[in-house]
Each structure stands twice: as C-alpha cells, then as structure tokens.
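Hi there,

Here is the structure I promised to pass on to you. Have a look at it first, and then read my notes below.

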Amino acid sequence: MDVVTIAAGLDFSGLLADKVALITGAASGQGRAAALLFGAQGAKVVVADFNDEGGAETIKMLEEQGSEGLAVHADVSVRVDVDAMVDATMERYGRLDVLYNNAAVQMSGRVVDCTDDEWDLTIATNLSAIFWACRSALPHLLAGDGGSIINTASTLGLIGSEGYAAYGAAKAGLVLLTKQIAVEYGPAVRANVIAPGSIDTPRFRKVLDSTPGAQDFVEGLKRTIPVRRLGTADDVARIALFLASDLSSYVSGAVLPADGGLAVYR
Amino acid sequence: MSGVGAEQSRRSHQLTDRVAIVVGGASGLGDAISRRFGQEGATVVVADIDEPGAKAVADAIVADGGNAVAIACDVTKSADVEAMTTAAAALGPRIGVLVCSAAIESLTPVLDLSDEEWQQVLDIDLKGPFLCMRAALPHMVKGGGGSVIAMGSTLGLIVAPGHPAYCAAKGALLNLCKQAAIEHAPDNVRVNMLAPSATTTGLFMKHSGKAPDPDALRAKIAAGMPMKRLGDPNEVCDAAVFLASDQSTYLSGAVIPLDGGLAARRIV
C-alpha cells in the first residue's frame with residue numbers, strides 16, 4: 001500500500017488514528033482501496049456492501065495489514081439496510097467520524113430509453129441512499145469532534161454527456177445535496193464530493209470485457225484525459241484520505257474531481 | 001429594460017405554428033407562461049394535477065383570443081404523462097415546446113426530512129420532468145425539432161440551508177437537461193433551463209405567505225438581492241418565449257439564471 005509521502009517536518013502517518021470510518025461499496029474497487037488506505041492510517045473501518053464475499057475479503061486484507069474492520073451487509077438502495085449499517089457501526093465502535101458514500105450503480109441509457117425501473121433504482125442507489133446515510137449518520141458525526149462526509153459523484157454529475165440520463169441526474173443531485181449538508185451542519189461536520197472520471201476498477205474492466213473494440217475505446221478515452229491515463233482506485237483513495245483527515249480541516253462543500261483533468265478538457 | 005408590465009406590446013406571435021405544453025400550468029410561473037404563450041399564438045396545453053385550475057387558465061387564454069386546452073396530469077405517473085402527451089400531439093402539426101414547471105418546494109433540513117417528503121420532492125421535481133421529456137421528445141423529433149424548457153431554480157445552482165430535497169432535485173434536473181440536450185442535439189431539439197429565484201408568484205409567494213409577517217420577509221429577501229427587488233413573472237415569461245421561439249435556435253444545454261444577479265455571488 002502506498003503511504004502518502006511527505007513534505008519535510010510533517011508527519012503524514014496516523015492521519016485517521018482513533019477514527020471510525022464507514023465506507024459503502026467497500027467490497028471492491030475504489031471502496032476497498034479507501035478501506036485499506038484509511039486502515040493503514042489508523043482508522044477502524046466499517047466495510048458496507050451487498051457483496052458479502054468481497055466484504056469479507058476486504059476485512060481479511062485489512063487484518064493482514066494490521067488494521068481493524070467490521071463487515072456489514074448493506075444494500076444501500078434499501079433504506080432499512082442503510083440505517084442498520086450506521087447502527088452496526090455505533091454498536092461495535094460507539095462512534096463515527098467519517099462517512100464515505102462510495103457505493104453506486106451505473107446504468108446507461110438515453111432519456112427516451114430509460115425505463116421507470118431503471119430511473120427509480122438509479123435515483124434510489126445513487127441519490128436517496130446517500131441522503132438516508134447522511135440523515136442516519138449526522139447525529140453521530142455531530143456528537144464527535146469533527147466529522148467528515150465524503151460523497152462520490154462522477155464527472156457525469158458535473159458535465160452533460162450522452163446516454164446517462166438517470167445516472168448523471170442522480171450524481172448532479174448528489175453534488176447539491178452535499179453542499180446543502182455542508183451549509184446546514186457546517187460548524188461540526190464537513191461534507192465534500194469526489195467526482196471520479198474514468199477509473200480502472202473491476203467494474204470498469206467488466207464493462208470493458210463486454211465491449212467490442214475495448215482496447216481502441218480505452219486508447220481513445222485516454223486521449224481525452226489530460227494526464228493521458230485511466231485513474232486507479234488508489235488515486236481516488238488518496239483524495240478520500242485527504243477529505244477524511246484533518247489535512248482538509250477547512251475544506252467543506254467542495255467538489256474535487258478525481259479525473260486527470262477530464263471534466264475541464266472535454 | 002424594466003421587464004415589468006407592458007404585456008400588450010409583447011404580442012409578436014412568435015409561437016404560432018406549434019403546440020406548447022406547459023406542465024404545472026395552473027398556477028404560479030406555469031400559469032404566467034401559459035398565458036404568455038397563448039398571446040404569442042401557440043396552441044397551449046395547460047397540464048396540471050389541479051384540473052379546475054388548469055381549466056381556468058385555458059379558458060382565460062381562449063377568452064383572450066388564444067388557443068388552449070386543459071389536461072389533467074399527475075407528473076409522477078407515467079401513464080398520465082403519456083396520455084397527456086398523446087392528446088397534445090393530436091392538437092397541432094407538432095409539439096414544439098414543453099415547459100416543465102410543476103414543482104413543490106420542501107423546507108426541511110436533512111435531519112428532519114422524512115422518507116416520504118424526500119421521495120415526494122424527487123418524484124415531482126425530478127422524475128416528473130424526466131417522464132415528460134421521455135414522452136414528449138419522440139414527438140418533437142418526429143416533428144423536426146422542438147424546445148424543452150425545464151424550470152429550475154437558483155437553488156439548483158447554489159444552496160441555502162434547509163432545502164436539501166429541493167436543491168438535490170433541481171441540481172439533478174440541470175444535469176438531466178444537459179444529458180437530453182446532448183442526446184437530441186442532432187434532432188434539432190433543444191433543452192434548456194430557466195433558474196428563477198424569488199419571484200412575485202408561485203412557490204415563493206406561497207411559502208413566504210406562511211411567515212408571521214409575509215411583507216416584511218419579502219422586503220428583507222428583496223433587499224438581499226443584488227438588484228434589491230424580487231423577480232417579476234413577466235421577466236420569466238420573456239425568457240421562456242426566447243427559449244421557446246426561433247430566437248434561440250443555437251442555444252441548448254444552457255441555464256439562464258433569472259435571479260437579479262444572486263447566483264453570481266457564489267461558485268456555480
């Protein structure tokens with residue numbers, strides 16, 4: 001695991017010592033990378049996911065690096081699951097300092113082709129779920145000594161694109177919801193957005209594997225990214241660590257793109 | 001230009017050859033836009049869940065020499081929206097304009113916001129416009145083009161404490177407009193958003209009317225605006241006619257703030 005390295009004289013270890021971080025969608029990809037990085041920085045990590053096998057694997061990896069974690073089954077599109085994941089965190093650790101809403105579902109479809117069911121599931125998973133999680137976690141974050149909410153939007157929540165009607169809408173809604181929370185709960189809780197672009201995760205690979213001409217597609221995609229490469233889960237996790245920790249103690253209501261410059265270039 | 005008053009001089013018949021659907025046309029800005037579109041010569045479909053209210057607006061347009069019908073429509077029900085759109089398409093050569101103006105405002109902070117209130121705001125303010133676009137866009141494409149106007153809000157661009165559901169819905173709606181704008185750019189269908197702030201009609205008057213001293217609250221809010229006054233519905237109508245008409249044929253995916261400069265104070 002990369003540890004964040006350092007300007008001279010500053011100690012960038014143990015950035016999340018004694019903190020409890022709840023990360024949704026932590027059974028793979030960006031969520032898992034953040035879980036491992038947060039753990040390495042001293043946090044106790046609650047790994048929430050509907051993929052129990054992957055969640056257990058993340059816990060095993062945490063333990064192998066000497067970190068502590070708790071796996072919780074949660075389908076974030078189901079409100080009672082979301083409340084239960086916060087309850088389980090409080091039951092085990094008695095506090096919550098960082099809520100990282102990373103879980104999402106990505107369905108493509110143009111406006112005229114998007115069914116009611118696709119719309120409802122996308123809005124529930126990518127927008128309502130985050131509202132539920134924040135509503136449930138905020139009393140605990142407020143009771144602590146400075147909480148941090150990190151919500152994962154997307155480049156597609158910042159700019160328009162083609163074929164992501166519900167997804168783009170949900171992610172843009174999430175940006176404004178996060179700003180609301182930053183304003184409403186400002187004195188005690190910071191709330192920020194990470195907007196990942198094209199990140200090379202297992203889910204991305206899965207979509208790619210079913211795409212004809214995948215290699216050409218990836219090469220074309222890279223040409224639209226100023227840093228000329230896909231992002232990695234670790235790229236995103238480092239930004240999340242910044243937002244989770246006191247390194248960002250005066251950052252709230254912000255949107256940090258994790259996109260290699262994609263949104264400003266396209 | 002003051003933008004206020006002088007309605008008679010505005011009749012320039014810019015919308016004569018098209019059907020214009022105004023969803024949420026029975027009250028507030030939807031009512032004002034319906035009447036203005038009637039004056040501009042459009043065949044206006046006043047669609048609203050409030051059927052008597054929609055009928056009153058349609059009757060007023062007809063009495064003023066225009067063409068209009070009222071259609072009852074719950075924007076959260078896809079069957080209603082489909083039926084309304086099909087009926088609208090039968091009224092003229094093409095559906096040229098869709099205005100999504102039906103909305104509710106919720107003034108509840110995150111911690112107090114119930115599942116039901118959250119869902120209701122998202123269903124009316126976000127899913128409603130989605131369902132209307134999904135139903136109307138194919139008709140616009142078939143007719144050779146059209147203009148969708150979504151009524152957003154300053155609160156879809158910037159936030160104010162206590163409006164989480166409304167802000168989330170309006171912020172999402174802006175991105176939905178951009179998506180639809182890109183998807184249908186080759187079809188000559190344009191999708192834009194108007195983002196009014198406090199305007200002397202509709203939701204603002206309704207909510208500010210609940211204050212102990214509504215006039216004092218409105219004066220305070222007006223004093224906080226860069227232009228030191230509230231918006232006038234006629235100013236919103238001016239912008240709606242611009243977007244609906246052939247004056248804006250190269251404008252799509254845009255948001256026009258109608259807020260006296262308010263959003264310019266903050267990062268959008």
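Please keep in mind that this is a predicted model. Strand 2 (residues 43-48) of chain B pairs with strand 3 of chain B in the parallel sense, over six bridges. Helix 2 (residues 51-63) of chain B packs on the sheet there and touches both strand 2 and strand 3 of chain B. The direction of helix 2 makes about 175° with that of strand 3 of chain B. Helix 8 (residues 233-244) of chain B also packs on the sheet, touching strand 4 (95-100), strand 5 (146-151), strand 6 (189-196) and strand 7 of chain B.

Now for the whole sheet. In chain B, seven strands form an open sheet in the order 3-2-1-4-5-6-7, with parallel pairing. Strand 3 (67-72) and strand 7 (255-258) of chain B each have a single partner strand, so one side of each has no neighbour in the sheet. On average, neighbouring strands in this sheet are turned by 20° against each other, direction ignored.

What about chain A? Its open sheet has seven strands in the order 3-2-1-4-5-6-7, with parallel pairing. Here strand 3 (69-73) and strand 7 (255-258) of chain A stand at the edges. Strand 4 (residues 98-101) and strand 5 (residues 147-152) of chain A pair over four bridges, and A:Asn101 stands opposite A:Asn151 in strand 5 of chain A.

Enjoy exploring!

Best wishes

Terms used:
Residues numbered from 1 in each chain as written. Chains lettered and ligands numbered in written order. Predicted model: local features only at pLDDT ≥ 70, side-chain atom pairs only at ≥ 80, totals over all residues. Heavy atoms only, no water. Pairing = 2+ DSSP bridges. Helix = DSSP H or I, 4+ residues; strand = E, 2+ residues; numbered from the N terminus. Axes fitted to C-alpha atoms, helices over the stretch in contact; angles between N-to-C directions. Contact = heavy atoms within 4.5 Å.
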